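Student: Hi! Could we go through this structure together, starting with how its pieces are defined?

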Amino acid sequence: MKLWKKIAFTGISLLMVGALAACDSGKKENADASDETTLQMYQIGDKPKNFDQLMDIANKRIKEKIGVKVNINYIGWGDYEKKMNVIISSGENYDIAFANNYVSNAQKGAFADLTDLAPKYAKKAYDDLDEAYIKGNLVNGKLYAFPVNGNVFAQQVLTFNKTLLDKYNLSIDGIKSYQDAETVLQEFHKKEPNTAAFAIGQGFKVQGNFDYPLGNTLPFAIDLNGDDTKIINQYNDENYISLLRTMHSWYKQGLIPSDAATSTKDYPLEGNTWLMRGETQGPYDYGDTVLSNTANQELVSKAITIPLKSTAQAQMANFVVSNTSKNKEKSVEFLGLLNSDPELLNGLVWGIEGKAWEKDGQGKIKLLDGYQPNMHLPAWNTGNNKILYTQDTITDDMIKERDASIAKANTSPILGFSFNTDKVKTELSNISNVMNQYLDGVNTGTVDPDQTLPKLMEALDKAGYDKVLTEMQKQYDAFRNESK
């Protein structure tokens, strides 16, 4: 308001005092509104259709509990790694992100050190984490991520669209490997040549019984079926090469989309645009229950790897706080809230109460017609699965089996091993550039591995692969000696 006008009309009076007070109050309200902190968060995947409604409800709860709001920015699966690399290298100011290249970016100083912050500002959620999550996320003895507490172990599975299996009377009995699935894919392709038999695209990685010290985008691995004291190049392992040959054979037969190496096309779980896809399952998936719920149709899976508590699984769904963030404590506080507040988390993962689900009075929930694909956030990369409400279709026996499976799962020999890259940063950067040229073509079967892998090995040799392997093996030997 124009204060001089008020003075002109009233002089120095009580009315003016009241006007001044009103102006000051208005200024304070405006300042409070402009000063409201909104945490900027990056998430991988597709934004739910009802995202604004979900976040309106969530942000009321978040604001009430910790005094801030959160804005989630989604980046698609095919673009996430490249875009996050740009965001990190440019020093963009953001607060939280789904971790990309966790170990290497942590060592580069891209992420805030949460070793002390997590127990302090997210104590309840931190205390709920399985030890494997902490052990598997330590980088040079420090914690840089807050992991989603969910499937502490996992195994890779081939998931099939049961509607299409039934339609063509296809059996998946006895499938225990990629190769075992070939006949089913061939029969389906004859019936529906324009539907993806094996729905894969850019970013797909062939899965085997391996664990990876620096993630499965780099050529360093432990063979869980072989000598687990030695680090190898999986792309130089005969068993792995055999899998790559299978992919190439499928590609030539048309069982894999012709543009798989470059395509970011989405094959939604719902619908019938695919017959088979690769998925990861763990104890909180209750077999195919969660997948089928998400797809809103029945899906069936066959395991192709052993159940494993691994570094890869511990880092499966990490959230990191950027070192550029001006809101580090609040960011950790939000992650703590998200992973400890049942009302907040369940409203995001199951959807809107009363529309998507309702409590059944027996300590479980019943899904309603409003529970639809793309109308909620996924459980695996949102928050603590321990505090998610249990669906009424999950029996007490299934819960007992879940807990028993966690107890008896295998533990990776490299769980907790953190490779210090200080001496080989240049070589690792060169190796990463090499792998970026070959990964998609080789893994999707687009190129012939027998012709391409020798070129890959030559390029890795020039990039300094042996130097990195020697240093990594040295550190791994020391880790194993300390662990005895």
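Tutor: Happy to! Helices here are DSSP runs of H or I with at least four residues, numbered from the N terminus. Keep in mind that this is a predicted model.

Student: Okay, so how far apart are Lys190 and Glu187 in helix α10?

Tutor: Lys190 and Glu187 sit three residues apart in α10, which spans residues 182-191, so about one helical turn separates them. Their side chains meet in a salt bridge, with 3.4 Å from N to O.

Student: Is Lys190 buried or exposed? And what about Glu187?

Tutor: Lys190 is exposed, at a relative accessible area of 62%. Glu187 is partly exposed, at 32%.

Student: How many salt bridges does the structure hold?

Tutor: There are 19 salt bridges in the structure. As background, side chains of opposite charge can pair when their charged atoms come close.

Student: Which residue does Asp130 pair with?

Tutor: Asp130 forms a salt bridge with Lys309, and the closest N and O atoms are 4.0 Å apart. Asp130 lies in the loop between α7 (123-127) and α8 (131-135), while Lys309 belongs to strand β13 (residues 308-309), so the pair ties together parts that are 179 residues apart in sequence.

Student: And how accessible are Asp130 and Lys309?

Tutor: Asp130 has a relative accessible area of 24%, so it is partly exposed. Lys309 counts as buried, at 15% relative accessibility.

Student: What about Arg402, which residue is its partner?

Tutor: That would be Asp403, with the closest N and O atoms 2.9 Å apart in the salt bridge. Arg402 is buried, at a relative accessible area of 14%, whereas Asp403 counts as partly exposed at 38%.

Student: Which residues are linked in a network of salt bridges?

Tutor: One such network links Arg61, Asp341 and Glu343. Arg61 of α3 and Glu343 of α15 also turn up in the contact between those helices.

Student: Nice, let's switch to helix packing. At roughly what angle do α3 and α15 cross?

Tutor: The axes of α3 and helix α15 (residues 342-349) cross at roughly 170 degrees and come within 10 Å. That makes α3 roughly antiparallel to α15.

Student: Which residues meet there?

Tutor: From α3 you have Leu54, Met55, Ala58, Arg61 and Ile62, and they meet Glu343, Leu344, Gly347 and Leu348 of α15. The residues of this contact of α3 with α15 divide into six nonpolar, one polar and two charged.

Student: And how do the axes of α3 and α14 cross?

Tutor: Helix α3 (residues 51-66) and helix α14 (residues 328-338) have axes that come within 11 Å and cross at roughly 120 degrees. They are therefore oblique to each other, and their crossing is right-handed. Ile62, Lys65 and Ile66 of α3 make the contact with Lys330, Glu333, Phe334 and Leu337 of α14. Those residues divide into four nonpolar, no polar and three charged.

Student: Last topic, backbone angles. What is the phi of Asn140, and of Asn296?

Tutor: For context, most residues other than glycine have a negative phi. Asn140 has a positive phi of about 55 degrees although it is not a glycine, and Asn296 has a positive phi of about 60 degrees.

Student: Where are Asn140 and Asn296 found?

Tutor: Asn140 is in the loop between β4 (138-139) and β5 (142-143), and it counts as partly exposed at 41% relative accessibility. Asn296 is in the loop between α12 (289-295) and β12 (299-303), and it counts as partly exposed at 48%.

Note on methods
Residues are numbered from 1 along each chain as its sequence is written. This is a predicted model: local features need pLDDT of at least 70, side-chain atom pairs count only at pLDDT 80 or more; totals for chains, interfaces and linings use all residues. Side-chain values use heavy atoms; hydrogens and water are left out. Axes are lines fitted to C-alpha atoms, for helices over the stretch in contact, and angles run from 0 to 180 degrees between N-to-C directions. Helices (H or I, at least four residues) and strands (E, at least two) are DSSP runs, numbered from the N terminus. Angles under 35 degrees count as roughly parallel, over 145 as roughly antiparallel, 65 to 115 as roughly perpendicular and the rest as oblique. A crossing is left-handed if the near helix is turned anticlockwise from the far one by less than a right angle, and right-handed if clockwise. Contact means heavy atoms within 4.5 Å. Ala, Val, Leu, Ile, Met, Phe, Trp, Tyr, Cys and Pro count as nonpolar, Asp, Glu, Lys and Arg as charged, and the others, Gly among them, as polar. Buried means under 20% relative accessible area, exposed over 50%, partly exposed in between (1.4 Å probe, protein chains only).
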